Amino acid sequence: MCFNIVKCGERMKIKDILAERPVTVSFEVFPPKQWDKIENTKAVVRALSTAQPSFMSVTYGAAGTSSGFTQEIANEIEGCGITALSHLTCLTSTRDKIHEVVGTLAENHIDNILALRGDIPEGFTFPDEQYFEHACQLVDEIKRIGDFCIGGACYPEMHPESKDRVEDMAYLKYKVDCGLDFLTSQMFFDNEKFLDFVELCRIKGIDVPIIAGIMPITNAKQIRRSVALSNCSVPKKFYKIMDRFGEDDASMKQAGIIYATEQIIDLMANGIDHIHIYTMNKPDVAISIMNGLSEIISYHG
Ligand code: FAD
């Protein structure tokens with residue numbers, strides 16, 4: 001049965017999925033670091049596909065050296081009848097490498113790209129003009145190469161490198177105006193931060209769909225790592241959950257799934273219709289969340 005997949009077996013652009021479906025819930029997976037683990041990740045994709053996400057994204061190594069892994073997983077996603085969104089970072093790739101990767105995506109009928117800069121490694125300097133310093137340049141280049149649906153990243157609590165909110169919003173607006181079809185947000189745990197951010201985007205004239213990125217936290221170590229990497233704030237309520245349940249893995253996992261599910265329901269109740277779950281390649285977690293939303297998705301999705 002094909003129920004939450006928008007059109008089985010048909011190539012779809014994510015902008016059309018977002019426009020046609022009142023509610024979407026999509027998943028992110030990451031490729032393995034080593035080729036000999038590729039079959040394990042493909043099995044993760046197949047397990048996740050049983051929850052019928054609206055589309056599935058696959059991340060890209062910032063160094064660009066494992067682009068083939070991202071491509072292979074994107075192909076597996078499409079093979080499951082689900083639209084794939086392939087991430088692409090530009091920081092350490094020459095213009096030629098970008099052309100090669102985007103060309104391979106086109107040959108494999110992947111129509112959707114999340115255009116990203118990547119995190120700057122310590123001590124890194126841009127070698128020459130063959131490299132792109134910002135995602136907006138990558139967006140320009142992809143548009144020159146072909147007819148792709150292009151998404152970009154946004155940060156409800158500001159990108160850590162931005163001087164202030166004014167600068168952050170100005171560059172975001174510029175990036176969108178370069179030709180983005182949608183934005184996907186960095187994870188956040190406080191819905192008010194996201195709702196304020198969306199309002200600010202609309203005031204600034206950023207009118208593309210903004211997909212809310214939700215990271216289910218299923219162990220206490222994960223939140224420390226995630227917060228350190230993303231710079232996002234954690235509400236007192238979540239710290240209390242960690243203090244109370246963090247020591248027992250099963251309890252913390254259950255509490256984390258319920259927190260993420262409640263976060264999504266609250267967002268939807270506040271008019272946020274597009275949700276992206278950072279699955280961390282854990283199908284059981286993503287499927288539990290989808291089960292918690294089943295009636296909402298079947299009625300509104
Ligand atoms: P940019 O849009 O270039 O912004 C980076 C900083 O530069 C911001 O402070 C911005 O305000 C500023 N800026 C933008 N344009 C200009 C300009 N023209 N002049 C001066 N300053 C400017 N990383 C990976 O390695 N692989 C992934 O697959 C991946 N997936 C991600 C998915 C999502 C949804 C998100 C939110 C992040 C992801 N990242 C990934 C992390 C991302 O690469 C980093 O957050 C990176 O530091 C910024 O990428 P960006 O595309 O937002 O960069």
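**Ground rules.** I am working with a predicted model, where local features need pLDDT of at least 70, side-chain atom pairs count only at pLDDT 80 or more, and totals for chains, interfaces and linings use all residues. Residues are numbered from 1 along each chain as its sequence is written, and side-chain values use heavy atoms, with hydrogens and water left out.

**Barrel.** I took helices (H or I, at least four residues) and strands (E, at least two) as DSSP runs, numbered from the N terminus. Strands pair if DSSP finds at least two bridges between them. I found a closed barrel of 8 strands, E1-E2-E3-E4-E5-E6-E7-E8, with parallel pairing. Neighbouring strands of this sheet are turned by 30° against each other on average, direction ignored. For angles I used axes fitted to C-alpha atoms, for helices over the stretch in contact, from 0 to 180 degrees between N-to-C directions.

I then checked strand E7 (residues 210-214) against strand E8 (residues 274-278): they pair in the parallel sense over 3 bridges. Ile214 has Ile277 in E8 as its bridge partner.

H3 lies across strand E1 (24-29), strand E2 (56-58) and E3, at about 170° to E2. H4 lies across E3 and E4, and runs at about 175° to E3.

**Helix H4.** The 13 residues of H4 (residues 95-107) should span 18 Å at 1.5 Å a residue, and the end C-alpha atoms are 18 Å apart, which agrees. The expected span is 1.5 Å times one less than the number of residues.

Which residues of H4 are buried? I get Ile98, Val101, Val102 and Leu105. Buried is under 20% relative accessible area, exposed over 50%, and partly exposed in between (1.4 Å probe, protein chains only). The buried residues fall within an arc of 95° seen down the axis, so they line one face of H4. That arc is taken from the directions from the helix axis to the C-beta atoms. Asp96 and Glu107 are exposed on the other side.

Contact here means heavy atoms within 4.5 Å. The cover over the buried residues of H4 includes helix H3 (67-79), strand E3 (84-89), strand E4 (112-116) and helix H5 (135-145). Just after H4, I noted His109 with a positive phi of about 60°.

**Cysteines.** I counted a disulfide as a pair of cysteine sulfur atoms within 2.5 Å. The count comes to 0. Cys201 is in no disulfide either, with the sulfur of Cys154 the nearest at 6.2 Å. Cys149 is buried at 0% relative accessibility, and Cys201 is buried with a relative accessible area of 0%.
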